[in-house]
Structure formats: structure tokens, C-alpha cells
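Below are a few notes on confidence and charge pairing. Please read them alongside the model.

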Amino acid sequence: MIRLSQIIFISVCLLFVFILPGICKEKADPFQANNVPSLIDAVRFSGEMEFCGIKIALGDAEIRQRLEKELLLAVHNRPQVILWMKRSTQYFPHIERILKQENMPLDLRYVPMVESALL
């Protein structure tokens, strides 16, 4: 059984893995309202997802609903997401280097973001 804390963690990680790269690809100013997807568009996903090599059971209605809720909450707080993006450029290279040295999944780089917002 997946706990709520795991769903929150996974949803924030998925936000960075699947949603924010699309926002960052915009050539224009990414902070203009017309360049940011609507909340509903931001939480739509299809196909399979996995985190640290573990498939996420999106077919389970409870998991999907909780994931959508957490994604909506995270995307709604756009200033916080922008801060995460800025901080990630400073800290992710160091975290990724350590994860590679320890032969651990790079998806774990999101743990400090979820736990402390990279502060």
C-alpha cells in the first residue's frame, strides 16, 4: 500500500520530470501567463510512468486521484515552482554527481526538493 507521503513525493518529482521541461522549452519569456499551461493541462498525463525504475500504478483510481491532486496543488503555487527551478540549477549538479558516484537512481535528486525545497 502506498502512503500519502509517497504520493506527494512522487507527484512533486513527476512535476519536475514530465511537466516543467515542457514549460522550460518555451523560447519566449516562460513567466508570461500565455506561456504557462492551464492547471488542468499541467496535470494531464498518458502512458506509463516510473520513478526510480518502479512503475507507478496509474490504473489504480486512488493513486491517480491523489497524484492529480498533488500535481494541481504544486502547479497552482507557481512562484514556489519557479523557486524550485532556480534552486535546482544550483544544487542538482552536485546531487547528481554524488548519486552517480554511489550508483543510485538520478530520480533521487528530487528528494531534497521535496524535503526542504532545496534550502
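1. A salt bridge here is a side-chain nitrogen of Lys or Arg within 4 Å of a carboxyl oxygen of Asp or Glu. By this rule there are four salt bridges. The model is predicted: local features need pLDDT of at least 70, side-chain atom pairs count only at pLDDT 80 or more, and totals for chains, interfaces and linings use all residues. Residues are numbered from 1 along each chain as its sequence is written, and side-chain values use heavy atoms, with hydrogens and water left out.

2. Mean pLDDT (the predictor's confidence in each residue, from 0 to 100) is 75 for the protein, with 63% of residues at 70 or more.

3. One of the salt bridges joins Arg66 and Glu62 at 2.9 Å, N to O. Both residues lie in helix 3 (residues 61-76), four residues apart, about one turn of the helix.

4. Glu96 and Arg109 form another salt bridge, at 2.8 Å, N to O. Glu96 is in helix 4 and Arg109 in the loop between helix 4 and helix 5 (111-116), so the pair ties together parts 13 residues apart in sequence. Arg109 is buried, at 16% relative accessibility (buried is under 20% relative accessible area, exposed over 50%, partly exposed in between; 1.4 Å probe, protein chains only).

5. Arg87, in helix 4 (residues 78-101), is buried without a salt bridge; the nearest side chain of opposite charge, Glu115, is 14 Å away.

Conventions. Helices (H or I, at least four residues) and strands (E, at least two) are DSSP runs, numbered from the N terminus. Lys and Arg count as positive and Asp and Glu as negative; His and the chain ends are not counted.
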